[in-house]
Every structure is written in structure tokens, then in C-alpha cells.
Amino acid sequence: GQQLNQSPQSMFIQEGEDVSMNCTSSSIFNTWLWYKQDPGEGPVLLIALYKAGELTSNGRLTAQFGTTRKDSFLNISASIPSDVGIYFCAGPLPGAGNNRKLIWGLGTSLAVNP
Amino acid sequence: GAVVSQHPSRVICKSGTSVKIECRSLDFQATTMFWYRQFPKQSLMLMATSNEGSKATYEQGVEKDKFLINHASLTLSTLTVTSAHPEDSSFYICSARDAVAGANVLTFGAGSRLTVL
């Protein structure tokens, strides 16, 4: 099925470092969602973006809705060990109606070395 | 905030048996729920869209007779893996859309790990 291009695929960083990951699409999106999934758990919503150019923060996390509406970025500042997990971007499939299905990125696996 | 409860979290069954997984929206009504399957180190794969009071919509390649979905109420959807085989072993996750949280925001259950021996 259709998927978003998410990069990097994985990251291994030192505690305290900042992290950046991004997601791109060949189609225009009206909503970008960023989720985090801990091992053995379901994804949890981190940030939702609804407007092109929007910059939204949630604690140490900041996400931006690209002005072209075809990309989005997620930044994590001053990483800590509990940031470990897989981060997914997602967006509603364009033009599929009110119950639009989400398209998912392949995820960015983050490992933090204490 | 919206909470989705999924049960069981882990289940081990013998090949040939059927397994039912429940997904409940605890503090909101969900006319639509989504069932996903996730293989290790891979992204979420949508299996089907569960619609309250009507038939589920299955994604291409997903056998509807193999994965039975029932959405009998506004707070409960069930996925039954019939005649399970080892290749059905996977992580199954349900999700629901809470209108208050946002039109496209999905709240996920904690997932169910199915192991078929």
C-alpha cells in the first residue's frame, strides 16, 4: 500500500543530544500526525498538525507542517533515555471521505545511550 | 483524553483454533474502528475498517473469512482470527477515532500479541 517516506530509518544518539526526523509525501496532506510506539505497545499520539507552516510543541518535542504540505519534521531536544522507541509519521489518505484511512511512514527507531 | 482498551494483551493458541480480540473505546463512542497488524520492526498495516452496525471494509489481500470483525456497539469492536496458523502470529492493534480529539486523530489500544503454535 501507499506509504510515507520517513527518515532516518534509525538513530543511535547520546543522552542530551537533539534529534531530527522527517517525513515526505508525493501527495499534499491536510494533516500530519506524529506517533511514538514503545516496544510491545500501541502508538501514542505526540503531535497533530493541521495547517501548512504550523509549528507545534509538546514539551521537548517540536513538529512542523511543511509549507509545501508534502512534508513534516519532528525534533526532539535534549534527548533522555525514555525517548527510546519508534516514531511514526502518519496522514489521512487524500480524498477518501470522512473516515479517511491513515497512511503511515515506516518509522524511525531511536536509541538513546545514557 | 480518549482511551482505547484492547484485550487480551497476549494470547497463545494452538494451530486450528480461533482467537477473539476485543477493542473498546472507554470514554467515547466510536462509529469507526480500525484494525492494524504489525510485524516486527515494521510499520502498521491496516487490515480493515470496522463500522458500527454494518459490515467491515477489508483492505486488499486481507481475507474477511479469516479475520472476522464485528462492531456491534458504539464502544466495542472484535477481531476473530479463525482457524489460526503460525503465519497469523503477529501484533494486532486496534484504534478508534474520537471526534473531540480531531477528525483524523486515531487513539490506539495497547495491542494484542498473538502467537500460534
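**Cysteines and the A–B interface**

B:Cys13 is buried, with a relative accessible area of 8%. In this predicted model, the closest cysteine sulfur to that of B:Cys13 belongs to B:Cys94 and lies 18 Å away, which is too far for a bond.

Two disulfides are present over all chains. In chain B, B:Cys23 and B:Cys94 are joined, with 2.0 Å between their sulfur atoms. The torsion about this S-S bond is about 80°, so the disulfide is right-handed. Because B:Cys23 lies in strand S3 (residues 19-25) and B:Cys94 in strand S9 (residues 90-97) of chain B, the pair ties together parts 71 residues apart in sequence. Both B:Cys23 and B:Cys94 are buried.

In chain A, a disulfide connects A:Cys23 and A:Cys89, with an S to S distance of 1.8 Å. With a torsion of about 40° about the S-S bond, the disulfide of A:Cys23 and A:Cys89 is right-handed. A:Cys23 and A:Cys89 are both buried.

Between chain A and chain B, about 1,600 Å² is buried, 51% of it on carbon and sulfur atoms. The contact involves 22 residues of chain A and 21 residues of chain B. One salt bridge is counted between the chains; it pairs the side chains of B:Glu59 and A:Lys101 at 3.0 Å, N to O. Six residue pairs are in polar contact between chain A and chain B. On the side of chain A that touches chain B, two or more residues each come from strands S4 (32-37), S5 (44-49), S9 (85-92) and S10 (102-104) of chain A. S4(A) gives the most, with three residues. The residues of this side comprise 11 nonpolar, eight polar and three charged.

Conventions:
Residues numbered from 1 in each chain as written. Chains lettered and ligands numbered in written order. Predicted model: local features only at pLDDT ≥ 70, side-chain atom pairs only at ≥ 80, totals over all residues. Heavy atoms only, no water. Contact = heavy atoms within 4.5 Å. Buried area = accessible area lost by both parts, 1.4 Å probe. Salt bridge = Lys/Arg side-chain N within 4 Å of Asp/Glu carboxyl O. Polar contact = N/O pair within 3.5 Å; in protein donor to acceptor, adjacent residues only side chain to side chain. Helix = DSSP H or I, 4+ residues; strand = E, 2+ residues; numbered from the N terminus. Nonpolar A, V, L, I, M, F, W, Y, C, P; charged D, E, K, R; others polar. Disulfide = S-S within 2.5 Å. Buried < 20%, exposed > 50% of the residue type's maximum accessible area, 1.4 Å probe, protein only.
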